[in-house]
Amino acid sequence: MTTMTAQATQIYSIVIKATPEQVWDAITKPEFTQKFFYGQRVENTRERHLWHDGSGNLMGDSPTLEFDPPHRLVHGWSSAYDPEMAAEAESRVTWEIESQDGGLTKLTVVHDKLEGAPKTAESVSGGWMFVLSGLKTLLETGQPLAG
């Protein structure tokens with residue numbers, strides 16, 4: 001048991017040897033996300049952020065708030081797979097994609113508006129770095145981080 005409370009705003013950054021367009025495709029297309037996002041098919045469109053598990057069960061469905069390829073994606077976050085988290089207020093995820101010198105891209109993920117979603121905040125606090133590490137590994141090597 002831990003007494004530490006997950007932060008209401010969580011910020012993660014990583015540098016990837018890939019173009020902003022490659023990073024954008026990886027975070028918006030289900031054929032990529034299933035290789036680094038815990039086997040889940042995540043689809044980000046101008047309208048919705050939808051994610052399903054490997055069996056096709058709905059894990060989350062939230063509106064897209066900003067869609068600016070290949071620079072910025074902002075969407076709501078709800079966790080439909082868990083009744084307690086599904087009852088919480090929707091939080092928000094922002095993906096900032098910035099081109100860097102040398103063929104690199106800086107990706108920053110901000111998961112905020114978690115004040116009304118303490119169970120979600122705790123759940124995602126350990127997961128984002130694994131997701132981003134998986135994304136980096138996939139784009140740089142062509143292989144998923146975990147099998």
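1. Start with Lys113. This residue is found in the loop between β7 (104–112) and α4 (118–125). The model is a predicted one. In it, Lys113 has a positive phi of about 55°, although it is not a glycine. Is Lys113 buried, exposed or partly exposed? Its relative accessibility is 44%, so Lys113 counts as partly exposed. The cut-offs behind that call are under 20% for buried and over 50% for exposed.

2. Tyr38 deserves a look for its backbone too. Tyr38 is not a glycine, yet its phi is positive, at about 55°. Its place is in the loop between α2 and β2. The relative accessibility of Tyr38 is 47%, so this residue counts as partly exposed.

3. Now check the prolines. The peptide bond that runs from Pro69 to Pro70 is cis. Its omega is near -10°. Where does Pro70 lie? Look in the loop between β4 (58–68) and β5 (72–77).

4. Turn to the aromatic rings. How many aromatic pairs does a search of the whole structure find? The search finds 11. One of them joins Phe37 and Tyr38. Their ring centres are 6.4 Å apart and their planes stand at 85°, so this pair is edge-to-face. Phe37 has 6% relative accessibility, so Phe37 counts as buried.

5. Phe37 has another ring partner, Trp51. Here the centres are 6.4 Å apart and the planes are at 65°, so the pair is edge-to-face. It links distant parts of the chain. Phe37 sits in the loop between α2 (30–36) and β2 (41–44), while Trp51 belongs to strand β3 (residues 48–52). The two residues are 14 residues apart. Trp51 has a relative accessible area of 3%, so Trp51 is buried.

6. Step back to the ring cluster. Which residues do ring pairs link into a cluster? They are Phe36, Phe37, Tyr38, Trp51, Trp77, Tyr81, Trp95, Trp128 and Phe130. Find these rings in the structure and trace the links.

7. Thr94 has 9% relative accessibility, so it counts as buried. What is Thr94 in contact with, leaving aside its neighbours within four places in sequence? The list is Arg72, Leu73, Val74, Thr108, Val109 and Val110.

8. Next, the fold as a whole. The chain has five helices and seven strands. Reading along the sequence gives the pattern β-α-α-β-β-β-β-α-β-β-α-α. The radius of gyration is 15 Å, close to the 15 Å that the globule rule gives for 147 residues, so the chain is as compact as a globular protein of that length. Along its principal axes, the C-alpha trace spans about 45 × 30 × 30 Å.

9. Then the contacts and the burial. Take the contacts between residues at least 6 apart in sequence. Of these, 48% join residues at least 24 apart. Buried residues make up 39% of the 147 residues in the chain.

10. Last, the surface and the charges. The chain exposes about 7,700 Å². Carbon and sulfur atoms supply 51% of that area. The chain carries 12 positive and 20 negative charges.

Key: Residues numbered from 1 in each chain as written. Predicted model: local features only at pLDDT ≥ 70, side-chain atom pairs only at ≥ 80, totals over all residues. Heavy atoms only, no water. Helix = DSSP H or I, 4+ residues; strand = E, 2+ residues; numbered from the N terminus. Rg over C-alpha atoms; globule rule 2.2 N^0.38 Å. Buried < 20%, exposed > 50% of the residue type's maximum accessible area, 1.4 Å probe, protein only. Contact = heavy atoms within 4.5 Å. Areas by Shrake-Rupley, 256 points an atom, 1.4 Å probe, with all protein chains shown as cover. Lys, Arg positive; Asp, Glu negative; His and termini not counted. Charge placed at Lys NZ, Arg CZ, Asp CG, Glu CD. Phe/Tyr/Trp six-rings, centres within 6.5 Å; stacked < 30°, edge-to-face > 60°.
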